[in-house]
Amino acid sequence: MSLVNLIQLADVPGASRVSRTLSSSLLIKPNSQILLSLSKPARDLRSSSYASSPNLSISCIKLFQARVSVGRAEAHVKRMEEKEEDEKPDDLSAQGEVFNKTLRLVECSMLASLAGLAYFLSNSLSIENYLGCFFSLPIVISSIRWGVAAGRKTMIATTMLLFTLSGPVKACTYLLMHGLVGLAMGSLWRLRVNWGLSLALCTLVRVFGVVGYVLLTSFLIRENILNLITINVHVSLSYVLTAIGVNIIPSMGAVYAIFGFLLLLNCGFFVLLLHILYTVLLAKLGMKACLALPSWLEKAI
C-alpha cells in the first residue's frame, strides 16, 4: 500500500491508532512486508463511532532471503534427468541401439552354430581336408561386421559348441587350427591393415596354432611328434646329400632351421589362399567396401 493511501486513512474514525502504528512501521527495513488485516467491528456500545469502523491491525513480516546451494541444485537436476532417461521407452526402430544389439547377438549365434556344425559334420564324414578353408570364415564375417569383440565371442561360442558335441580334443583342435587364424584375420581386416602386415601376422598365428596342435597331440598319444618329425627330416636330408655326392652329415641346428622354414612356407601359402578366397566371397556378399584390398586384387575383382 502506498503512502498516499495510508494518509487517507486518517479520516477514518479510530485512525489515531493506525497513525501510531504507521509511525513505527516507517522505520522497518526495506526487506519487510506490511500486511493490513481487517477484523470485525468491535461490539462496544459505549463507543459507537469506534464500533462502526473496522479494527485495523498492522503486522510486519520480515522477508528472509533464501540461500540456494548450487551444488545441491545441480545434483537435483542431474537426478531428475537420470530419472527421465530411465523412464524413457527404448527405441525399437531399425536404427535403435536395442535393435542393433539384438541383431549382433543373433548373427554371432548363427555364425557360431554354422561353424561348429560344419566342423562337426566334416569330421564325422572325414571330409575335413576338403572344407578346411571355410571353417574360419564365420569368425571373419562376424569381426568385420560387428567388431573384434563380436569375432572373439563367435570363436568362443563355436569352441564351446564343439566341446559339447565332440569333446575337448576337437574343440581345442578347432581353436588352434582355425579359430585363432579367423580371429586374427577378421580383426586385422576390421582395422583395415594392409595385406603385407596381415599376411605376416596371420602366418605367425597359424604357425603358433600348428605347433600347439602338435604338442597337444603328442601329449595325448604319449609320443614326441616333433622329435619324430626332426628325425625324419634329418634322414631325408642325409639321403638327398648322399645322392648328389655330398658327404656331409647335417647338424640338428640345420634340421631345425629347415623344418621351421618349411613350416613358415606352408602356413604362409595357406594364409594367402585364405586371404584371396575370403576376399572373393566377401566381395560377392556385398562387403567389398569393408576390405582394404591391394590394387592388383581390386582390379582383378
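Colleague: Which residues in H7 are buried?

Modeller: Leu137, Pro138, Ile139, Val140, Ile141, Ser142, Ser143 and Ile144 are buried in H7. Buried means under 20% relative accessible area, exposed over 50%, and partly exposed in between, with a 1.4 Å probe and protein chains only. A helix here is a DSSP run of H or I with at least four residues, a strand is a run of E with at least two, and both are numbered from the N terminus. This is a predicted model, where local features need pLDDT of at least 70, side-chain atom pairs count only at pLDDT 80 or more, and totals for chains, interfaces and linings use all residues. Residues are numbered from 1 along each chain as its sequence is written, and side-chain values use heavy atoms, with hydrogens and water left out.

Colleague: What covers the buried residues of H7?

Modeller: The cover includes H5, helix H8 (148-165), helix H9 (168-190) and H12. Just after H7 comes glycine 147, with a positive phi of about 105°.

Colleague: What makes the pair glutamate 107 and arginine 145 a salt bridge?

Modeller: The term asks for a side-chain nitrogen of Lys or Arg within 4 Å of a carboxyl oxygen of Asp or Glu. In this pair, the closest N and O atoms are 2.8 Å apart. That is within 4 Å, so the pair qualifies. The pair links distant parts of the chain, 38 residues apart: glutamate 107 is in helix H5 (residues 97-124) and arginine 145 is in helix H7 (residues 137-146). The structure holds 1 salt bridge.

Colleague: Why is arginine 145 called partly exposed?

Modeller: Its relative accessible area is 39%. That value falls between 20% and 50%, so arginine 145 is partly exposed.

Colleague: How do you know that H11 is roughly perpendicular to H12?

Modeller: The axes of helix H11 (residues 225-243) and helix H12 (residues 252-284) come within 10 Å and cross at roughly 105°. Axes are lines fitted to C-alpha atoms, for helices over the stretch in contact, and angles run from 0 to 180 degrees between N-to-C directions. Angles under 35 degrees count as roughly parallel, over 145 as roughly antiparallel, 65 to 115 as roughly perpendicular and the rest as oblique. The angle therefore makes H11 roughly perpendicular to H12.

Colleague: Which residues meet there?

Modeller: From H11 come Leu226, Ile229, Thr230, Val233, His234 and Leu237; they meet Met252, Val255, Tyr256, Ile258 and Phe259 in H12. Contact means heavy atoms within 4.5 Å. The residues of this contact divide into 9 nonpolar, 2 polar and no charged. Ala, Val, Leu, Ile, Met, Phe, Trp, Tyr, Cys and Pro count as nonpolar, Asp, Glu, Lys and Arg as charged, and the others, Gly among them, as polar.

Colleague: Why does threonine 230 count as buried?

Modeller: Threonine 230 has 4% relative accessibility. This is under 20%, so threonine 230 is buried. Threonine 230 lies in helix H11. Leaving aside neighbours within four places in sequence, threonine 230 is in contact with Met252, Val255 and Tyr256.

Colleague: What makes proline 250 buried?

Modeller: A relative accessible area of 10%, which is under 20%. Proline 250 is found in the loop between H11 and H12. Not counting residues up to four places away in sequence, proline 250 touches His234, Leu237, Ser238 and Leu241. Between proline 250 and serine 238 the C-alpha to C-alpha distance is 6.8 Å, with 12 residues of separation in sequence.

Colleague: Why is H9 called roughly antiparallel to H10?

Modeller: The axes of H9 and helix H10 (residues 195-221) cross at roughly 170° and come within 9 Å. That angle is over 145, so H9 is roughly antiparallel to H10. The contact of H9 with H10 divides into 19 nonpolar, 4 polar and 1 charged residues.

Colleague: Why is serine 126 called exposed?

Modeller: Its relative accessible area is 62%, over the 50% mark, so serine 126 is exposed. Serine 126 lies in the loop between H5 and helix H6 (128-131). Serine 126 has a positive phi of about 60° although it is not a glycine.

Colleague: How confident is the predictor, by average pLDDT?

Modeller: The chain averages a pLDDT of 77, and 70% of the residues score at least 70. pLDDT is the predictor's confidence in each residue, from 0 to 100. Over residues 1-68 the pLDDT is below 50.
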